Amino acid sequence: MSFPLSSVSSSSSLDAHGWDSGWAAAFAPYAAQGLIPGRVVRVDRGQCDVATPDGVVRADTAFVTPHDPLRVVCTGDWAAVDPEGGDPRYVRACLPRRTAFARSTSSKRSEGQILAANVDHAVITVSLAVELDLGRIERFLALAWESGAQPTVVLSKADLVPDPVGLSYLVEDVETVAPGVQVLPVSSTTGEGLDVLAATVAGGTTVLLGVSGAGKSTLANALVGEDVMDVQAARDVDGKGRHTTTTRNLFVLPGGGVLIDTPGLRGVGLWDAEAGVGQVFSEIEELAGDCRFHDCAHESEPGCAVTAAIEDGSLPVRRLESYRKLIRENRRIVAKTDARVRSEMLKEWKRMGREGQKAMELKRGGGRVR
């Protein structure tokens with residue numbers, strides 16, 4: 001028996017989870033097979049909770065567990081599920097993702113890990129209880145831009161910085177590494193900034209990202225309007241918290257849209273995020289367009305607009321060093337799965353080796369060219 005597409009389209013439960021005409025059209029072939037649509041709200045141990053027109057159901061993911069870790073079922077996915085009556089019920093397919101937030105794992109297998117699917121907003125949560133790590137913020141932003149989501153940086157626990165001038169300086173520091181991104185100080189204790197954040201994320205799918213102790217779960221509770229996540233105090237000595245969130249959970253927001261809370265990330269490894277890095281360091285990319293040589297490495301080449309900006313103080317040295325670091329890291333990740341990139345990197349290493357050898361020969365010869 002087929003599942004009527006019209007009944008799916010008008011389901012208030014699915015609408016609240018982000019269902020629209022585009023998803024309905026993509027689901028049409030599965031509706032003809034008698035499957036029902038739903039959005040994955042939680043995944044753990046080979047099973048997942050799926051919000052369907054009939055409520056949240058438990059389904060097995062055995063039929064949608066590919067070898068590629070980036071294609072496994074993830075919170076935020078839209079799925080085709082067995083109708084009522086099956087025991088167990090199975091997820092039979094996932095609809096193609098519009099966006100996906102992925103990072104590289106810390107394993108030596110160099111695999112990607114999908115963190116959230118079909119995300120519109122990425123809220124990078126940074127605690128003001130500890131010193132700002134601008135490099136980490138740049139990493140999160142690169143992944144967010146690469147995913148296709150619009151990033152926002154939330155400086156949580158803003159009540160710990162009572163001096164408004166001092167707080168404004170912290171906001172400015174983050175804005176310098178986040179071009180085109182809203183930077184919002186927020187306090188779940190006082191309510192500061194929560195109304196602005198709620199308006200920013202309304203009407204789409206938002207993922208909360210950050211390290212342990214950043215205040216993501218507290219922020220999730222404030223946005224949802226009830227205690228949906230357990231919260232534990234961060235350590236006073238370093239501001240770090242325990243992993244109170246161990247799975248990715250999706251909640252419906254009272255003002256419209258849905259929220260995905262994620263576990264704290266110890267590592268923020270890039271995963272094929274060249275475009276995202278370019279977006280984060282847009283001022284360097286723009287300067288590079290004025291360099292004399294199109295393949296300028298921004299080191300000692302004549303006519304380099306980037307090093308000129310370093311010399312006149314308009315571009316911070318830290319910013320360029322961070323850009324170089326992320327570009328190198330991303331190229332290493334890509335090279336492990338792309339033979340052409342590996343070949344290009346090998347040629348570059350050989351060139352640098354020859355130049356280094358020539359420099360040593362010049363040094364040994366007292367500056368004479370042999």
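W19, W23, F27, Y30 and W78 form one aromatic cluster in this predicted model. Rings of Phe, Tyr and Trp (its six-membered ring) are paired if their centres lie within 6.5 Å. Planes under 30 degrees apart count as stacked, those over 60 as edge-to-face and the rest as tilted. By this rule there are six aromatic pairs. W23 and W78 make up a tilted pair, with 6.0 Å from centre to centre and 35° between the planes. W23 belongs to helix α3 (residues 21–31) and W78 to strand β4 (residues 78–81), so the pair ties together parts that are 55 residues apart in sequence. Helices (H or I, at least four residues) and strands (E, at least two) are DSSP runs, numbered from the N terminus. W23 has a relative accessible area of 5% and is therefore buried. W78 also counts as buried, at 1% relative accessibility. Buried here means under 20% relative accessible area, exposed over 50% and partly exposed in between (1.4 Å probe, protein chains only).

Residues are numbered from 1 along each chain as its sequence is written. The model is predicted, local features need pLDDT of at least 70, side-chain atom pairs count only at pLDDT 80 or more, totals for chains, interfaces and linings use all residues, and side-chain values use heavy atoms, with hydrogens and water left out.

Helix α6 (residues 194–201) packs with helix α7 (residues 216–224) at an angle of about 75°. Their axes are 10 Å apart. Axes are lines fitted to C-alpha atoms, for helices over the stretch in contact, and angles run from 0 to 180 degrees between N-to-C directions. α6 and α7 are therefore roughly perpendicular to each other. Angles of 65 to 115 degrees count as roughly perpendicular, under 35 as roughly parallel, over 145 as roughly antiparallel and the rest as oblique. L194, L197 and A198 of α6 make the contact with L219, A222 and L223 of α7. Contact means heavy atoms within 4.5 Å. By class, the contact of α6 with α7 has six nonpolar residues, no polar and no charged ones. Ala, Val, Leu, Ile, Met, Phe, Trp, Tyr, Cys and Pro count as nonpolar, Asp, Glu, Lys and Arg as charged, and the others, Gly among them, as polar.

Backbone geometry stands out at two loop residues. N118 is not a glycine, yet has a positive phi of about 55°. N118 sits in the loop between β7 (112–117) and β8 (121–127). Its relative accessibility is 6%, so N118 counts as buried. H298, likewise not a glycine, has a positive phi of about 60°. The loop between α9 (282–288) and α10 (305–311) holds H298. H298 counts as buried, at 10% relative accessibility.
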